[in-house]
Amino acid sequence: RIPITSPQALEDQYSPSRWSPRLDRDTIIDAHLAVTAAGTERARAMAQTLLHVPYGNGDGEKLDIYFPTDPSENFPVLVYIHGGYWQCLSKDDSGFAAPPLVSQGVAVVAVGYDTAPKGRWCSAKAAAAYVAWRPPTLPSALCSGHMDTMVLQVRRSLAFLLKRYPRIRGIYLCGHSAGAQLAAMVLSTDWTEFQVVPDIKGAVLVSGVYDLEPILHTYVNDALNMSREVAQRNSPMRRVTPAVPATCEVLVAVAQHDSPEFRRQSQEYSQALRKAGWSVSLLDLAGVDHFDIIEKLSEDSYILTQVSRRTVPRQ
């Protein structure tokens, strides 16, 4: 663990926009949003889609489905969970990674969930887009933007998919940043209460946060308002379960230009999974930062795209 000498140093470690050599911190988030939005528009133009499919009652509880170019009766599904520090971005900009997969017979599902009120992570443009969004309505037992709720919503989205498409041939998870934490929490799910057991064959976790306690003392928690108990309960690092042999392969990917803390968390989480008997690989990607490590999934030649396609075998 690196020494954190001050509150500002801690905030810097958990501010991904500070670490990119490509763009300054004031423009990189807007650039990221523009790239993912354009990629999603292209994906929707070339693929057969089913958009805004509700899996629950909340306004954020919707899925976008990108079907394979030549679907069979059953096909594998990659479920993509977006990042945005649990405060920004949405499924509506999360289809950019679909083209290389749908062309190989894999369906891609972008999951929406109810994010927390916008915080300082959001850029001005992203914040404006969020404000324009209609506030979600959830059952009174749930709190919109609460970490417990977001984890539950992602789990429920998988249960919904299985019930709607019972012949799915294997589910593969892919999450970026905050989405990697949500995907990792899925791996520790007790599915008894959901009345289904997803056949999760693989997970690609990209530039994630797997221990939420350090961010309790940063600007990120201004919007999330997590207690220590909530942070611990929703930290994948603290929820690693013994692996069932040969059921799920996990790829933990991290960028060269992620912060040292993001890199440490990826390394330590992959080690914890391996110690618990999981089949896990750590991929340290050179020449990319926290943002283009995931943006480039739209490119056939990108190494993470190629590895993901090997992880998700075609029909």
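Biologist: Which residue in E6 is the bridge partner of Gly 175?
Modeller: This is a predicted model, in which local features need pLDDT of at least 70, side-chain atom pairs count only at pLDDT 80 or more, and totals for chains, interfaces and linings use all residues. Residues are numbered from 1 along each chain as its sequence is written, and side-chain values use heavy atoms, with hydrogens and water left out. Strand E5 (residues 171-176) runs parallel to strand E6 (residues 200-206), joined by six bridges. In E6, the partner of Gly 175 is Leu 205.

Biologist: What is the order of the strands in the open sheet?
Modeller: Strands (E, at least two residues) and helices (H or I, at least four) are DSSP runs numbered from the N terminus, and two strands pair if DSSP finds at least two bridges between them. The pairing in this sheet of eight strands is mixed. Strand E1 (49-54) and strand E8 (279-289) each have a single partner strand, so one side of each is left without a neighbour in the sheet. The order is E1-E2-E4-E3-E5-E6-E7-E8.

Biologist: How many of the five residues of E2 are buried?
Modeller: Buried means under 20% relative accessible area, exposed over 50%, and partly exposed in between (1.4 Å probe, protein chains only). E2 is largely enclosed by the rest of the structure, because the number of its residues that are buried is four.

Biologist: What angle does the direction of H5 make with that of E1?
Modeller: H5 packs on the sheet and touches E1, E2, E3, E4, E5 and E6; contact means heavy atoms within 4.5 Å. Axes are lines fitted to C-alpha atoms, for helices over the stretch in contact, and angles run from 0 to 180 degrees between N-to-C directions. With E1, H5 makes an angle of about 120 degrees.

Biologist: Which residues have the most contacts inside the largest nonpolar core?
Modeller: A nonpolar core is a set of buried Ala, Val, Leu, Ile, Met, Phe, Trp, Tyr and Cys residues joined through side-chain atoms within 4.5 Å. The largest one has 64 residues, and its largest share, nine residues, comes from helix H5 (residues 147-164). Those with the most contacts inside it are Val 79, Trp 86, Leu 173 and Leu 205.

Biologist: How many residues are in the second, separate core?
Modeller: Ala 97, Leu 251, Ile 293 and Leu 297 are included in this core. Its residue count is 29.

Biologist: Is Thr 311 buried or exposed?
Modeller: Thr 311 lies in helix H11 (residues 303-311). Leaving out residues up to four places away in sequence, Thr 311 touches Tyr 172 and Val 204. With a relative accessible area of 17%, Thr 311 is buried.
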